[in-house]
Amino acid sequence: MRIELVRRPQHSALFSALSPFIALGLTLVAGAIMFSLLGKNPVDALYYYFIDPLTGIWDPGNRWQLHELAIKAAPLILIAVGLSVCFLSNNWNIGAEGQFIAGAVAGSFIPVLFPDFQTWATLPLMLIFGMAGGAAYAAIPAFLKVKFNTNEILTSLMLVYVAQLFNDWLVRGIWRNPEGMSFPGTIRFNEYAILPQIWPDAGRAHWGFVFALVAAVAVWFMLSKMLKGFEVKVLGQSPRAGRFAGFSSAKMVFFVFLLAGALAGLAGICEVAGPIEHLNEKISIGYGFTAIIVAFLGRLNPLGIVAAGLILALTYLGGESAQIALGVSDKAVRAFQGMLLFFVLACDTLIHYRIRIVGALATKAGEATQNA
Amino acid sequence: MSADGNGANLLEVRGLTKIFGALKACDAVDLTIRKGEIHALLGENGAGKSTLVKMLFGSLEPYSGEIIWNGQAVRITSPGVAKKLGIGMVFQHFSLFEALSAAENIALSLDDQTPISTIAAKAKAVSYSYGLPLDPYSLVGDLSVGERQRIEIIRCLLQTPELIILDEPTSVLTPQEADKLFETLERLRSEGKSILYISHRLEEVKRMCDAATVMRHGKVVGHTDPRKETAASLARMMVGSEVHAVVRAPVEGIEKAEPLLEIKNLSRKPATPFSMALRNISLSVRAGEVVGIAGVAGNGQGEFFEAVSGEVKQPDAGTIRIRGKDAGRVDITGRRLLGAAFVPEERLGHGAAPRMTLSENLFLSRYATDRKAFVGAGGLVKESAIDSATQRIVQEMDVRKSARNPEAASLSGGNLQKFIIGRELDRRPAVLVVNQPTWGVDAGAAAKIRQSLIELARSGSAVLVISQDLDELFEISDAIAVMHNGELSKPLPRAEATLEKIGLLMGGAEPGHVEHPLEAV
């Protein structure tokens with residue numbers, strides 16, 4: 001008996017829709033195995049990961065968990081929406097983490113260096129600076145790819161470490177809060193430089209989540225209804241056909257990197273101007289990398305990415321609650337996320353291939369016809 | 001000549017079946033090859049010829065059925081087994097390393113550790129005794145396609161096979177090279193060897209083969225003696241219905257018509273070490289005419305198409321003129337807007353994006369020229385307009401498909417080509433440049449495509465057709481030029497062009513000296 005993959009004549013709409021769910025299911029099974037190997041009760045562990053953070057959501061007096069979920073989901077969705085455009089056009093931007101930090105740093109420029117500039121324009125300017133910073137940082141691997149044909153996976157990834165160390169140097173060095181008791185971090189932003197909360201009475205979710213939803217809908221509209229989205233897909237699927245159509249792949253590289261960089265930069269400045277309220281050395285908990293999983297789990301569809309972003313935000317919250325309740329290492333979250341990406345990519349095979357099990361039975365049938 | 005005396009069956013195939021998913025690629029195929037016979041295997045693309053041959057050569061395993069070799073039932077599980085039995089194969093697409101010599105390439109396919117010098121000596125002996133002269137120490141990269149095929153044949157002969165399978169051997173040869181090949185095949189037959197000859201060129205099958213098996217849709221539809229058939233009756237067996245001959249009415253006064261596509265001194269350096277430089281190509285195509293460009297594959301046709309289409313621009317604006325306007329420095333979209341349309345050689349991945357639907361593939365080449373119809377304010381795509389245009393083309397060109405708007409990759413080659421050509425014809429372009437319009441397309445679809453190209457020209461457009469298929473060019477062209485080694489000969493008017501003249505030019509006779517009588521060959 002052996003298992004064969006048989007190419008489908010058309011891609012399967014059924015499995016396009018099912019594959020993320022199959023992947024989630026397989027991740028849960030593999031996660032349960034992982035927890036039992038760690039000596040924890042797998043049912044408890046999964047409860048704390050996926051159910052506990054959601055309890056109380058429907059209780060009107062206790063909506064803060066939902067807000068925490070939105071806080072974690074906002075950067076994931078913003079970044080993943082940009083990455084989906086990159087990945088669809090066959091540009092492998094792995095450096096969103098760096099673009100996130102670049103946006104946070106560029107946007108913090110105003111409140112850190114000009115703390116007395118306090119007008120209604122402060123926050124919009126910060127957001128614009130953040131987007132510009134992320135886009136400019138993403139332009140580096142784009143330029144290197146177009147000009148020198150370098151591999152953007154490597155350059156964008158390496159620039160993550162440059163951005164992390166640069167930020168680290170800033171918050172420990174020239175931007176450090178003189179009254180911060182030598183802790184790394186800038187001064188607290190003034191009130192005009194803080195991103196407001198959507199519904200302050202219920203929880204601390206900020207406008208970044210709204211930006212994420214707007215970005216998802218806008219990019220979905222571009223990808224599915226507009227000429228530009230068509231161009232992205234053609235160049236991604238079939239570069240030579242794209243050239244035949246008259247599309248420029250060099251311009252496309254810049255377009256997708258700048259778009260993804262701007263969205264990652266926006267996520268970065270929203271994070272520091274929102275929940276953190278100042279720039280420090282650990283502004284990201286790996287959002288830029290987790291967003292890659294979000295993008296694929298959402299099938300590179302911005303609307304799917306909203307759902308996927310909420311699911312991965314849940315693993316962050318669940319990781320915390322499992323750590324508190326069961327003493328599971330917080331590294332287990334990363335393992336979880338890694339397994340999820342693995343299963344998502346594996347399940348995507350089912351969209352273009354079907355599995356056929358060639359058993360002893362088929363061979364026998366063959367022989368029977370042969371004898372007949 | 002006739003090998004009837006040999007009589008005994010070398011190979012018998014009974015009820016051979018191969019199933020791929022839901023498709024029966026070969027359905028209970030019977031085939032008998034006698035000793036000392038040239039046996040033709042005829043059929044359109046997708047009829048199951050390649051699948052059958054692959055089962056005989058051991059690269060595919062049959063689902064059911066039996067193979068009897070020299071009176072004994074055998075199982076051919078791998079090409080190695082086939083070689084041991086005495087079955088050799090010359091593939092349509094060569095598997096040679098360009099940077100190695102002919103002898104080294106031959107050595108690679110032999111299992112034992114024979115020194116190169118011995119192989120070279122053997123290869124040389126075999127090559128001369130069969131009239132296939134070849135220097136075993138020459139680099140494959142320097143050889144012509146015909147010479148490369150000789151290496152493949154000699155490699156096959158060195159294993160002293162009883163049965164030699166040739167897959168479309170003449171599709172890459174000039175007529176003169178093909179004649180040489182036929183002599184070799186006749187020589188092999190007279191030695192009692194058998195040949196399974198796969199071809200869709202009916203004239204050469206009639207001329208050489210002792211028996212023919214015709215396949216259609218995976219089934220054998222007939223065993224026949226091709227010498228007693230006509231080309232038309234063989235074609236009918238292959239296609240299953242009457243193939244309409246292409247009608248080409250000659251045009252009057254074409255010399256006075258205005259040239260719509262002008263190419264002046266087009267040169268291009270090779271883009272990669274293995275691509276061809278273009279040298280000083282000049283050509284003009286007038287309104288109302290079809291000009292054909294013949295040539296053996298790999299002589300610069302692909303590079304020429306890229307330069308004319310604008311996928312690669314020229315430094316000098318006047319090099320390409322479309323409808324009297326300089327277009328050399330304009331990209332492919334700009335050239336389309338000037339009224340030109342293009343159909344590249346490769347359908348999947350170049351002319352069409354394989355995993356996109358037909359309507360998306362229509363949009364692919366026409367989003368700029370039909371911007372008013374297909375794109376609304378703010379870059380919004382008008383899907384319903386594109387969809388109705390798609391269905392119009394599908395009807396016009398009789399494209400057969402499984403769903404209303406399927407992915408391009410799910411169509412058969414012929415149907416996709418009809419769609420791609422139809423997509424451009426639907427625009428009524430003033431200039432149409434087509435590379436290999438009917439490559440790998442079944443006879444019925446090919447006839448439809450050829451007729452539509454002629455009709456486009458007769459309605460006042462200029463049509464430039466690049467093709468390796470000489471029969472096709474003779475059928476549709478008003479003038480034929482030949483591309484060889486990156487150079488283009490002067491176009492010969494159809495009335496003056498003969499197979500011999502064109503063949504000599506394809507083999508590299510001086511361009512520009514075609515007026516000299518060459519019929520002597």
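Over all chains, 23 aromatic pairs are counted, where rings of Phe, Tyr and Trp (its six-membered ring) pair if their centres lie within 6.5 Å, and planes under 30 degrees apart count as stacked, over 60 as edge-to-face and the rest as tilted. The model is predicted, so that local features need pLDDT of at least 70 and side-chain atom pairs count only at pLDDT 80 or more, while totals for chains, interfaces and linings use all residues. Residues are numbered from 1 along each chain as its sequence is written, chains are lettered from A and ligands numbered from 1 in the order in which they are written, and side-chain values use heavy atoms, with hydrogens and water left out.

One of the pairs is formed by A:F109 and A:W175, which is tilted because the ring centres are 6.5 Å apart and the planes stand at 55°. This pair links distant parts of the chain, 66 residues apart: A:F109 belongs to helix α4 (residues 96-113) of chain A, and A:W175 to the loop between α6 (152-172) and α7 (208-225) of chain A. Helices (H or I, at least four residues) and strands (E, at least two) are DSSP runs, numbered from the N terminus. A:F109 is partly exposed at a relative accessible area of 35%, whereas A:W175 is buried at 10%; buried means under 20% relative accessible area, exposed over 50% and partly exposed in between (1.4 Å probe, protein chains only).

In chain B, the rings of B:F57 and B:F91 are edge-to-face, with centres 5.8 Å apart and planes at 80°. B:F57 lies in the loop between α1 (49-56) and β4 (64-69) of chain B, and B:F91, 34 residues apart from it, in the loop between β6 (87-90) and α3 (102-109) of chain B. B:F57 is buried, with a relative accessible area of 7%; B:F91 is partly exposed, at 32%.

An aromatic cluster comprises A:F35, A:Y49, A:F50 and A:F336. Two of these residues, A:F35 and A:F336, are touched by A:L46, as are A:L28, A:A32 and A:I51, not counting residues up to four places away in sequence; contact means heavy atoms within 4.5 Å. A:L46 is part of helix α2 (residues 42-51) of chain A and is buried, with a relative accessible area of 18%.

Charged ends also sit over rings, that is, NZ of Lys or CZ of Arg is within 6 Å of the ring centre and within 35 degrees of the ring normal. A:K228 is placed in this way over A:F255, 4.6 Å from the ring centre, and B:R336 over A:F244, 4.7 Å from the ring centre.

The axes of α7(A) and helix α8 (residues 227-237) of chain A come within 5 Å and cross at roughly 75°. Axes are lines fitted to C-alpha atoms, for helices over the stretch in contact, and angles run from 0 to 180 degrees between N-to-C directions. The two helices α7(A) and α8(A) are therefore roughly perpendicular (65 to 115 degrees; under 35 is roughly parallel, over 145 roughly antiparallel and the rest oblique). Residues A:M222, A:L223, A:S224 and A:K225 of α7(A) meet residues of α8(A) including A:L227, A:K228 and A:F230.

In chain B, four strands form an open antiparallel sheet in the order β12-β11-β14-β15; strands pair if DSSP finds at least two bridges between them. Strands β12 (278-286) and β15 (325-326) of chain B are at the edges, each pairing on one side only. Three bridges join β11 (residues 259-268) to the antiparallel β14 (residues 320-322) of chain B, and B:E262 has B:R321 in β14(B) as its bridge partner. Helix α9 (residues 301-309) of chain B lies across β11, β12 and β14 of chain B and runs at about 120° to β11(B).
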